Amino acid sequence: MPVVEAWKLVVLQRYAKFDGRSGRAEYWWFFLANIIIATVLFLLSGVASVFFVLYVVYGFAMIVPSIAVGIRRLHDTNKTGWLLLLTLIPLVGGIILIVLFAIAGDEGANKYGAGPDPATIGP
C-alpha cells in the first residue's frame, strides 16, 4: 500500500480514538484532504442543491475525526488535548493551535504513548 493511502486509512480507522499520537504529516494531509473535499462540494452546491446537502453531511461526518486527530496531534507534541478548546477564543486561539500543530512532535515515547508509526507519515 502506498504511503499516501496509509495516512488516510489510519485517520479513518481511528476516527473516534482520542488517545495516542498522530504525526505532523498525518494531521496536515488529513486537513488538506478535508479542505479540498469541502471546497469542491461547496462550489458544486451552486450547480445543484444535492451537493449542498452532501457538503453539510460531509461537514457533520468529519467533526469527530477532526477533533480526534487534533487531540492526537497535540499529544504528539506532549500537550493536553484540552488545548483544542483554544478554538473558542476568536483569532488568537486559532493562531496558537496552528503553531502547536506545526511544531515537530516528540522523538520516541512521551506520556501519551509511543511515537507515530513511520508508515503513516505521508509523502
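Asn34 touches Tyr58, Met62 and Ser66, with residues up to four places away in sequence left out; contact here means heavy atoms within 4.5 Å. Asn34 sits in helix 2. Helices (H or I, at least four residues) and strands (E, at least two) are DSSP runs, numbered from the N terminus. Asn34 is buried, at a relative accessible area of 14%. Buried means under 20% relative accessible area, exposed over 50%, and partly exposed in between (1.4 Å probe, protein chains only).

The model is predicted: local features need pLDDT of at least 70, side-chain atom pairs count only at pLDDT 80 or more, and totals for chains, interfaces and linings use all residues. Residues are numbered from 1 along each chain as its sequence is written, and side-chain values use heavy atoms, with hydrogens and water left out.

The chain contains five helices and zero strands. Along the sequence the pattern reads α-α-α-α-α. Of the 123 residues in the chain, 30% are buried. Among contacts with a separation of 6 or more, 71% join residues 24 or more positions apart. The accessible surface of the chain is about 7,400 Å². Carbon and sulfur atoms hold 75% of that surface. Accessible areas come from the Shrake-Rupley method with a 1.4 Å probe; for residues, only the protein chains shown count as cover.

Helix 2 spans residues 24-44 and helix 5 spans residues 92-102. Their axes come within 9 Å and cross at roughly 130°. Axes are lines fitted to C-alpha atoms, for helices over the stretch in contact, and angles run from 0 to 180 degrees between N-to-C directions. The two helices are therefore oblique to each other. Angles under 35 degrees count as roughly parallel, over 145 as roughly antiparallel, 65 to 115 as roughly perpendicular and the rest as oblique. On the helix 2 side, the contact involves Arg24, Tyr27 and Trp28. Helix 5 contributes Ile98, Phe101 and Ala102. The residues of this contact divide into five nonpolar, no polar and one charged. In this division Ala, Val, Leu, Ile, Met, Phe, Trp, Tyr, Cys and Pro count as nonpolar, Asp, Glu, Lys and Arg as charged, and the others, Gly among them, as polar.

Arg21 lies in the loop between helix 1 (3-13) and helix 2. Arg21 is buried, with a relative accessible area of 3%. The side chain of Arg21 has polar contacts with two backbone oxygens. The backbone oxygen of Asp106 is reached at 2.7 Å. That of Gly108 lies 2.6 Å from a polar atom of the Arg21 side chain. A polar contact is a pair of N or O atoms within 3.5 Å; within protein, one must be able to donate a hydrogen and the other to accept it, and residues adjacent in sequence count only if both atoms are side-chain atoms.

Two further helix residues were placed by C-alpha distance. Gln13 belongs to helix 1. Gln13 counts as exposed, at 61% relative accessibility. Its C-alpha atom is separated by 9.4 Å from that of Pro65, 52 residues apart along the chain. Phe52 lies in helix 3 (residues 49-61). Phe52 counts as partly exposed, at 41% relative accessibility. Phe52 and Phe42 are ten residues apart in sequence, and their C-alpha atoms are 6.3 Å apart.

The loop between helix 4 (63-76) and helix 5 includes Asn78. Gly81 and Leu91 are also found there. Gly81 counts as buried, at 11% relative accessibility. Beyond its neighbours within four places in sequence, Gly81 is in contact with Ile71, Leu74 and His75. Gly81 and Asp19 are 62 residues apart in sequence and 9.0 Å apart in space, C-alpha to C-alpha.

Most residues other than glycine have a negative phi. Asn78 has a positive phi, near 65°. Asn78 counts as partly exposed, at 33% relative accessibility. Leu91 also has a positive phi, of about 60°, although it is not a glycine. Leu91 is exposed, with a relative accessible area of 68%.
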